[in-house]
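Have the structure open as you read.

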Amino acid sequence: VVVLVRAPRELLVLRKVWRELIGVNVTSAVAWLAYFGALKRVEPSVVNTIFTGVAPLTVTVLAAIGLRSATSVASRSLEHVAHVGLVMALAFIIWVVLTRHGSQLHVPIEDVIFGLVLAAISGIVITVETVLAKRMNEAGASAGAVVAVRFVLLTVIAGLFVALSESAPHNGAPISLVTTVNSALLLVVIPVYMVQAGLART
């Protein structure tokens, strides 16, 4: 809100890229919900590896079907070789988890498989979000403006989950709002803004 109030021009830019605006909200919500769902079922190191590992592969596929930024370049042969190695590494990690060599042996195998699928979905969808966010930058939206509007849908969904959850805190539960807000700012908002700022400059 502060970004948009201080720079009204951003509102005009966002109106021009309304399709991308809707897209980054939907993809951000899907990606983060899938990511947290995966963390409930698979150990964090595996989830994060799959989440980040599928990104380069997804970028190549998206470019092949025409979803790319204006500054993207065609993949080179060495990149394809690297992609093969990446696929092999991801396959090995999945094999380790499915053969129960991981640390979460108490989780049913069906949940583990679902968690792996969610981790892959999260990585694929967040890559789509990154491409859409880059296109918003190229249209003139600043990194701050993109970050300011990309989590609206996710915030609404999260609020509904909390409101409808039987385990949600109610009336006087010992929750420190200041601690929660500071943690979110330090661990989520600032890193996301730094990534978006870097994306806008590349």
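Arg-135 counts as partly exposed, because its relative accessibility is 29% (buried means under 20% relative accessible area, exposed over 50%, partly exposed in between, with a 1.4 Å probe and protein chains only). A word on the basis: this is a predicted model, in which local features need pLDDT of at least 70, side-chain atom pairs count only at pLDDT 80 or more, and totals for chains, interfaces and linings use all residues. Residues are numbered from 1 along each chain as its sequence is written, and side-chain values use heavy atoms, leaving out hydrogens and water.

Now look at the partner of Arg-135: its side chain meets that of Glu-20 in a salt bridge at 3.7 Å, N to O (a side-chain nitrogen of Lys or Arg within 4 Å of a carboxyl oxygen of Asp or Glu). Arg-135 lies in helix α6 and Glu-20 in helix α3, so the pair ties together parts that are 115 residues apart in sequence. Glu-20 is buried, with a relative accessible area of 15%.

What about the two helices themselves? The axes of α3 (residues 18–39) and α6 (residues 109–138) come within 8 Å and cross at roughly 155°. That makes α3 roughly antiparallel to α6 (the term covers angles over 145 degrees). Their contact comprises 17 nonpolar, six polar and three charged residues.

The whole structure holds two salt bridges. Besides the pair above, Glu-129 and Arg-150 meet through their side chains at 3.5 Å, N to O. Glu-129 sits in helix α6 and Arg-150 in the loop between α7 (143–149) and α8 (152–164), 21 residues apart. Both Glu-129 and Arg-150 are buried.

Conventions:
Axes are lines fitted to C-alpha atoms, for helices over the stretch in contact, and angles run from 0 to 180 degrees between N-to-C directions. Helices (H or I, at least four residues) and strands (E, at least two) are DSSP runs, numbered from the N terminus. Angles under 35 degrees count as roughly parallel, over 145 as roughly antiparallel, 65 to 115 as roughly perpendicular and the rest as oblique. Ala, Val, Leu, Ile, Met, Phe, Trp, Tyr, Cys and Pro count as nonpolar, Asp, Glu, Lys and Arg as charged, and the others, Gly among them, as polar.
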